[in-house]
Amino acid sequence: MTITPSVIIFDVNETLSDMGPLAEAFSQAGMPESLTRPWFAELLRDGFALTAAGDNPDFADLAKDTLHRLLTQTSGPGNYQRHVDDIMGSFTNLALHADAAPGITALSRVADLVTLSNGATSVAESLLTRGGVQNEFKGFLSVQDAPRWKPAREAYDYAAMATGHAVDELLLVAVHPWDVHGAHAAGLCTAWINRTGASYPSYFTAPDIEAEDLVTLAGTLTAP
């Protein structure tokens with residue numbers, strides 16, 4: 001399948017950012033490192049639930065509340081504001097995956113690049129600035145300015161409106177199958193980044209492209 005997008009839209013959390021270091025932040029707060037991924041999954045689940053109910057919650061507010069409750073469940077009642085602040089500080093100061101910067105540079109030669117996150121644009125801008133590739137992007141978008149979170153159609157329609165392109169001219173790049181599914185339902189082309197060799201869920205619409213990293217994706221898009 002030949003795909004020639006006008007705009008490549010990147011998910012941010014996990015797709016571009018390496019969340020591995022969060023495990024150490026959890027450990028320093030007295031929680032098992034293994035709770036890092038369940039915490040993030042619960043955060044997304046509750047955000048999706050609120051979205052399905054017609055709300056558009058603030059990502060950071062949900063993250064902090066979820067951390068407070070998780071710390072209480074793990075360590076008992078107490079004031080855990082410092083731990084919450086430390087973990088959120090780590091979350092907002094993550095590094096790019098190793099393949100992200102070279103992949104982004106290569107993909108910037110294919111199409112205009114923007115981000116679309118369920119989190120704040122400031123987090124995406126800071127992440128990409130630390131990675132030295134902020135200038136490769138034409139814009140930074142957040143569902144805070146859309147009617148609802150991804151994977152609701154309105155989030156992708158907002159990206160189309162913000163970039164001035166029809167949805168079928170956009171390519172969403174994400175590590176999350178739910179994001180790929182939502183973007184496909186909204187009419188976008190999709191690329192699933194599968195760094196871990198995972199199996200794609202059969203109940204979600206398959207991506208147009210599967211690549212092991214962003215460098216490989218750039219090679220696929222520029223191949224004759």
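I take a salt bridge to be a side-chain nitrogen of Lys or Arg within 4 Å of a carboxyl oxygen of Asp or Glu. By that rule, I find the side chains of Asp65 and Arg69 joined in a salt bridge, N to O 2.7 Å.

Notes on the source. The model is predicted, so I used local features only at pLDDT of at least 70 and side-chain atom pairs only at pLDDT 80 or more, while totals for chains, interfaces and linings use all residues. Residues are numbered from 1 along each chain as its sequence is written, and side-chain values use heavy atoms, with hydrogens and water left out.

Entry 1, salt bridges. I count 11 salt bridges in the structure. One network of them links Glu42, Arg45, Asp46, Asp65 and Arg69, and I followed the pairs made by Arg69. Asp65 and Arg69 are four residues apart in helix α3, and therefore separated by about one helical turn. (Helices are DSSP runs of H or I, at least four residues, and strands runs of E, at least two, numbered from the N terminus.) Glu42 also pairs with Arg69, and the closest N and O atoms are 3.2 Å apart. Glu42 sits in helix α2 and Arg69 in helix α3, so this pair ties together parts 27 residues apart in sequence. For Arg69 and Asp46 I read 3.9 Å, N to O. Here Arg69 is in α3 and Asp46 in α2, so the parts tied together are 23 residues apart in sequence.

I use buried for under 20% relative accessible area, exposed for over 50% and partly exposed in between, with a 1.4 Å probe and protein chains only. Glu42 at 23% counts as partly exposed, as does Arg69 at 32%. Asp65 at 41% is also classed as partly exposed.

I looked up how helix α2 (residues 36-52) packs on helix α3 (residues 59-75): the angle is about 130 degrees and the axes are 10 Å apart. Axes are lines fitted to C-alpha atoms, for helices over the stretch in contact, and angles run from 0 to 180 degrees between N-to-C directions. The two are therefore oblique to each other; under 35 degrees counts as roughly parallel, over 145 as roughly antiparallel, 65 to 115 as roughly perpendicular and the rest as oblique. The contact (heavy atoms within 4.5 Å) includes Glu42 and Asp46 of α2 and Arg69 of α3.

The axes of helix α5 (residues 100-107) and helix α9 (residues 214-222) come within 7 Å and cross at roughly 20 degrees. I therefore log α5 and α9 as roughly parallel to each other.
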